[in-house]
Amino acid sequence: LSQYSALMLFKQKYGDKKFRRILKIELDKYLRGRTNEIVEELPLMRVENQQYIHYRKGSIAMMSLVDLLGEKRMNRALSAFLNKFKFSDNPYPTTLDLMSFFTQDATEHEISFIKSVFEQINLYDLKTKQFTVQELDNDQYEVTLMVEAQRMNADGQGIETIVPLSEYIDIGLFIDNPDDISETTAPLYLQKHLITSGENILKITVSKRPFFAGIDPFIKLIDRDSNDNVVGL
């Protein structure tokens, strides 16, 4: 929760450009941390004294919940949680209490995602394999994007099992490299598309020629290698 407060203040002050870099740093620190684990990696809801989980992974997890619920719903749930438990020590609130506020009035899909964030160790392997642009007769541009996606569930020892993936994930098109995007420059296109396990081919029509494109460009999921999410022409 402290990470969430700090991140949202950071985003408001510095914008998406630096925010994307911060989330990428947090993700990379989490991935490095889990490779050095000598006992057991715990799910987020059970973590104790493992900073690479509750701080680093926690940052990405909270941002994925904001993306899922929207900032207003997220803050409404946190406000209700705070009002119920502030100054209380009999009992202290637990992660289960926090989750119950996130899942209030949530859809079945939202509940499933929230539980996976807190109760499981999930990893994604998202990459953009191909990106082409064709100019149309009406001053529009047809973009063909081939992305590859996989989702894994890991146990505490890092043993991974591939599980089916069927989720709506951000697809972004950019005139400039997202790593260099300014605070005032919006993506040319940023929408969620249904992505399933394996190869996905997407066709998108836009009014300007993009030079960069990719999947989950703003680091909203725990991806094993975020460096191959976005590619340029």
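Predicted model: local features only at pLDDT ≥ 70, side-chain atom pairs only at ≥ 80, totals over all residues.

Biologist: Is Leu-233 buried or exposed?

Modeller: Its relative accessible area is 57%, so Leu-233 is exposed.

Biologist: And which residues make the nonpolar surface patch?

Modeller: Ile-175, Phe-211 and Leu-233 make that patch, and it comes to about 280 Å².

Biologist: Switching topic: how many aromatic pairs does the structure hold?

Modeller: Seven. One of them is Phe-81 with Phe-85, a tilted pair with 5.4 Å centre to centre and 50° between the planes. Both residues lie in helix α3 (residues 71–85), four residues apart, or about one turn of the helix.

Biologist: Are Phe-81 and Phe-85 buried or exposed?

Modeller: Phe-81 and Phe-85 are both buried.

Biologist: Why is the pair of Phe-85 and Phe-101 edge-to-face?

Modeller: Because the planes of the two rings, Phe-85 and Phe-101, are at 75°, and over 60 degrees counts as edge-to-face. Their centres are 6.5 Å apart. Phe-85 is in helix α3 and Phe-101 is in helix α4 (residues 95–102), so this pair ties together parts 16 residues apart in sequence.

Biologist: What do Phe-81, Phe-85 and Phe-101 form?

Modeller: One aromatic cluster. Phe-101 is buried, too, like Phe-85.

Biologist: Last one: what lies over the face of Tyr-14?

Modeller: That's Lys-13, at 5.6 Å from the ring centre.

Methods: Residues numbered from 1 in each chain as written. Heavy atoms only, no water. Patch = residues over 30% accessible without salt bridge, like charges linked within 9 Å, V, L, I, M, F, W, Y side chains within 5 Å. Areas by Shrake-Rupley, 256 points an atom, 1.4 Å probe, with all protein chains shown as cover. Salt bridge = Lys/Arg side-chain N within 4 Å of Asp/Glu carboxyl O. Buried < 20%, exposed > 50% of the residue type's maximum accessible area, 1.4 Å probe, protein only. Phe/Tyr/Trp six-rings, centres within 6.5 Å; stacked < 30°, edge-to-face > 60°. Helix = DSSP H or I, 4+ residues; strand = E, 2+ residues; numbered from the N terminus. Lys NZ or Arg CZ within 6 Å of the ring centre and 35° of its normal.
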